[in-house]
Amino acid sequence: MSRVYPDGRRDVTLFVDSCTMTITCGRADVVITDPEGKVVRDTKRERIDYEKALAQSIAQLVPTDPLVTKLLKSFRTAVEDPTDELVHLYEIREALSSHFGSAKAALDIGGISKSEWVRLVRLACKEPIQQGRHRGEHLVLLRMATDGELDEARGLARRFIEAYLGYAGKAFGDSSASR
């Protein structure tokens, strides 16, 4: 509200309602430079280089390795079929176990920790989640997976694929560079 007096003086009163605002953003990129201005670390450049090397590795392996094709198909199907997303992501774990003869042998390829391996089982099979594998086995009402759970499951499945690509002899750079 604004009030102007005959002598030109003005009073302004502001009425504010309370509100809550949440801002969410994706991955933040960081450029670290030394005192001379030389770039020491550029996370955006690292991520771009990593993704390019990953794509090259996949392009080299797809024609010769049917397991790579199967892993990528399951990942793509998971993204395209959100109703059964965890089912398709779990297929990646199953394909690796089958290819290597056991879960233990799949873990021995390197790049996959036992806790990650077990975590995908928990998300896809144990939690009472509508997108999970064993929907009819839960005695409680199923819930939708949270965005965090789905992101975590996608990340785990991607790590499993990357571990296999590294094992297959087509290393594509430092896997810590971008995630």
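This is a predicted model: local features need pLDDT of at least 70, side-chain atom pairs count only at pLDDT 80 or more; totals for chains, interfaces and linings use all residues.
Residues are numbered from 1 along each chain as its sequence is written, and side-chain values use heavy atoms, with hydrogens and water left out.

Back to Asp151. Which residue does Asp151 pair with in a salt bridge? That's Arg154, with the closest N and O atoms 2.6 Å apart. A salt bridge here is a side-chain nitrogen of Lys or Arg within 4 Å of a carboxyl oxygen of Asp or Glu. Both residues sit in helix α6, three residues apart, about one turn of the helix. Helices are DSSP runs of H or I with at least four residues, strands are runs of E with at least two, and both are numbered from the N terminus. Arg154 is partly exposed as well, at 26% relative accessibility. There's also a network: Arg122, Glu127, Arg143 and Glu149 are joined by salt bridges that share partners.

Now α6 itself, residues 147-167. How far apart are its end C-alpha atoms? They are 30 Å apart, which agrees with the 30 Å its 21 residues should span at 1.5 Å a residue. The expected span is 1.5 Å times one less than the number of residues. Buried residues in α6 include Glu149, Leu150, Leu156, Phe160 and Tyr164. What covers the buried part includes α1 (43-61), α2 (66-80), α3 (85-100) and α5 (114-126).

Over to α2. Glu80 and Arg76 meet there in a salt bridge, 3.8 Å from N to O, and they are four residues apart, about one turn of the helix. Glu80 counts as exposed at 57% relative accessibility, and Arg76 as partly exposed at 44%.

Last pair. Arg47 forms a salt bridge with Asp29, closest N and O atoms 2.5 Å apart. This one links distant parts of the chain: Arg47 is in helix α1, Asp29 is in the loop between β2 (10-12) and β3 (31-33), and they are 18 residues apart. Is Arg47 buried or exposed? Arg47 counts as buried, because its relative accessibility is 19%. Asp29, at 36%, counts as partly exposed. And how many salt bridges does the structure hold? The count is 16.

How values were computed: Buried means under 20% relative accessible area, exposed over 50%, partly exposed in between (1.4 Å probe, protein chains only). Contact means heavy atoms within 4.5 Å.
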